[in-house]
Amino acid sequence: MLSNHIETQSPDDREGDVDLETTISVTFDRTVRSVRPGECIVVSQAGGVPVVGAAAYDAPSRTLTFTPAMPLQPRTTYTVRISTAGVDLQSEFTAIMPHQYQFTTADEELTTLQARLVRASLSLCCRCRCEDRDGDGFD
C-alpha cells in the first residue's frame with residue numbers, strides 16, 4: 001500500500017518521461033461508499049496552476065481517474081493531490097488521509113518520436129501480414 005488506503009497510482013511517484021497524453025489514476029484498497037471525483041483529485045503544475053480535465057470513479061475496480069482536457073506540457077513536473085474531501089470509505093471507522101505525489105512529463109520531441117516509431121512498426125507489421133500469402137511470416 002502506498003499511502004493510507006491508496007493501493008496503486010499511475011504514473012508512479014517521481015516517475016519521469018511520462019507521456020504527454022497520460023491519464024492519472026489511483027486505486028483504493030477497499031470499497032468506497034461514495035466519491036465526488038471533482039472534489040477529491042487535483043492535478044497541478046509547479047506554482048499550483050491546476051490542470052483542466054475530467055475526473056471519474058469506477059466502483060468495480062475502485063479506481064479514480066483524471067483525464068486532462070489537453071496534452072500535458074513537456075518537461076514539466078506535476079503534482080497529484082488526493083484529498084479527504086469527496087471520498088467516503090465503506091467503513092465508518094476508516095478514514096482516508098490526504099495523499100500527494102509528483103511526476104515529470106517527457107520531452108515533446110521524444111514523445112513525438114515514440115509515436116512515429118509505433119506508427120511505423122504498425123505499418124510494417126500490417127504490410128507483412130498483407131503480403132505473406134503462404135503464412136510463413138515472409139513475403
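Me: Where does Pro11 lie?
Reply: In this predicted model, Pro11 lies in the loop between strand E1, residues 6-10, and strand E2, residues 15-18.

Me: And the peptide bond from Ser10 to Pro11, is that cis or trans?
Reply: The bond from Ser10 to Pro11 is cis, and its omega is near -5°. For context, most peptide bonds are trans.

Me: Is Arg14 buried or exposed, and why?
Reply: Arg14 counts as exposed because its relative accessibility is 64%, and the cut-off for exposed is over 50%.

Me: What about Arg75, where is that found?
Reply: Arg75 is found in the loop between strand E7, residues 63-68, and strand E8, residues 77-82. Arg75 is not a glycine either, yet it has a positive phi of about 50°, and with a relative accessibility of 62% it counts as exposed.

Me: Switching to pockets: how much space lies in the second largest pocket?
Reply: About 160 Å³ of space lies in the second largest pocket.

Me: Which residues line it?
Reply: The lining of the second largest pocket includes Gln45, Pro50, Val51, Val52, Met70, Leu72 and Tyr78.

Me: How do the lining residues divide into nonpolar, polar and charged?
Reply: The lining of that pocket has nine nonpolar residues and two polar ones, with no charged residues.

Note on methods
Residues numbered from 1 in each chain as written. Predicted model: local features only at pLDDT ≥ 70, side-chain atom pairs only at ≥ 80, totals over all residues. Heavy atoms only, no water. 1 Å grid on protein atoms, 1.4 Å probe; cavity = no way out; pocket = protein on both sides within 12 Å on 5 of 7 lines; lining within 4 Å. Points joined across faces, edges and corners; volume = space filled by probe spheres on them. Nonpolar A, V, L, I, M, F, W, Y, C, P; charged D, E, K, R; others polar. Helix = DSSP H or I, 4+ residues; strand = E, 2+ residues; numbered from the N terminus. Buried < 20%, exposed > 50% of the residue type's maximum accessible area, 1.4 Å probe, protein only.
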